[in-house]
Amino acid sequence: MGWKMRSDAVSETADRVLREYRVWAVVGASPRPGRASYGVMGVLEAHGYTVIPVNPHTDEVRGRVCYPDLASVPDEIEVVDIFRRSTSAGAHVDEAIEVGAKAVWLQLGVVDEAAAARAEAAGLTVVMNRCPAIELSKGLGRA
């Protein structure tokens, strides 16, 4: 199971996700500039990723239309980046599987091993307890 790999193997998986997939849905996206999800969306956008905010409590984040759930997103989603508590993450992983995402990325502090196992069993790549902005600052994701 990929999320239980050695640190260097996890970095390789994170690097592969950052290199191969360009369309990210950010679940738990916040319109508040002080929130981590807001900043990470900006970093992803600055690196050329298409970012789709998902949050049922707001209509717009960073000038982008915000969708209430993954099923409402009209575009293909490659990576689902989850900014929710660990206890809520599993439902969003299941949504990611349902919409045909290629990978799920659970943010720093978000750990749900059962959900990660379901994602991997469904063929999704899993990165857990990592931040794509931090990984990009290390130079990962570059071709």
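Mentor: A residue is buried under 20% relative accessible area, exposed over 50%, and partly exposed in between. The model discussed here is a predicted one.

Trainee: Is Arg-62 buried, exposed or partly exposed?

Mentor: Arg-62 lies in the loop between β3 and β4 (64-65). Its relative accessible area is 31%. The limits for the middle class are 20% and 50%, so with 31% Arg-62 is partly exposed.

Trainee: What is the phi of Arg-62?

Mentor: Arg-62 is not a glycine.

Trainee: Which loop holds Asn-129?

Mentor: Asn-129 is also a residue with a positive phi, about 65°, although it is not a glycine. At 36% relative accessibility, Asn-129 counts as partly exposed. Its loop is the one between β7 and α5.

Trainee: How many helices and strands does the protein chain have?

Mentor: Along the sequence the pattern reads α-β-α-β-β-β-β-α-β-α-β-α. The elements in the protein chain are five helices and seven strands.

Trainee: What radius of gyration does the protein chain have, and does it agree or disagree with a compact globule?

Mentor: The C-alpha atoms fill a box of roughly 40 × 30 × 25 Å along the principal axes. For 143 residues, a compact globule would have a radius of gyration near 15 Å. The value for the protein chain agrees with this, because it is 14 Å.

Trainee: What share of the residues of the protein chain counts as buried?

Mentor: The protein chain exposes about 6800 Å², and carbon and sulfur atoms supply 49% of that area. Of its 143 residues, the share that counts as buried is 50%.

Trainee: Which residues have the most contacts inside the largest nonpolar core?

Mentor: This core has 24 residues. Elements that give two or more residues to this core include β1 (23-27), α3 (86-99) and β6 (103-106). A second, separate core has 22 residues, among them Trp-24 and Phe-83. In the largest core, the residues with the most contacts are Leu-70, Val-80, Ala-96, Val-104 and Leu-106.

Trainee: With neighbours within four places left aside, which residues is Leu-106 in contact with?

Mentor: Leu-106 is one of the residues with the most contacts inside the largest core. Beyond its sequence neighbours, the residues in contact with Leu-106 are Ile-82, Ala-89, Val-93, Asp-112, Val-127, Met-128, Asn-129 and Arg-130.

Trainee: Which residues of helix α2 (residues 36-46) are buried?

Mentor: Cover for the buried residues of α2 includes β1, β2, β3 (60-61), β5 and α5 (132-137). The helix is followed by Gly-48, whose phi is positive, near 90°. The buried residues of α2 are Ser-37, Val-40, Met-41, Gly-42 and Leu-44.

Trainee: Is Gly-123 buried or exposed?

Mentor: Gly-123 lies in the loop between α4 and β7. From Gly-100 it is 23 residues away in sequence, and 9.6 Å away in space, C-alpha to C-alpha. The cut-off is over 50%, so with a relative accessible area of 60% Gly-123 is exposed.

Trainee: Beyond its neighbours within four places in sequence, what is Ile-97 in contact with?

Mentor: Ile-97 is found in helix α3. It counts as partly exposed, at 27% relative accessibility. Ala-46 lies 51 residues from Ile-97 in sequence and 27 Å in space, C-alpha to C-alpha. The contacts of Ile-97 are Arg-118, Ala-119, Ala-122 and Leu-124.

Notes:
Residues numbered from 1 in each chain as written. Predicted model: local features only at pLDDT ≥ 70, side-chain atom pairs only at ≥ 80, totals over all residues. Heavy atoms only, no water. Helix = DSSP H or I, 4+ residues; strand = E, 2+ residues; numbered from the N terminus. Rg over C-alpha atoms; globule rule 2.2 N^0.38 Å. Buried < 20%, exposed > 50% of the residue type's maximum accessible area, 1.4 Å probe, protein only. Areas by Shrake-Rupley, 256 points an atom, 1.4 Å probe, with all protein chains shown as cover. Core = buried A, V, L, I, M, F, W, Y, C linked by side-chain atoms within 4.5 Å. Contact = heavy atoms within 4.5 Å.
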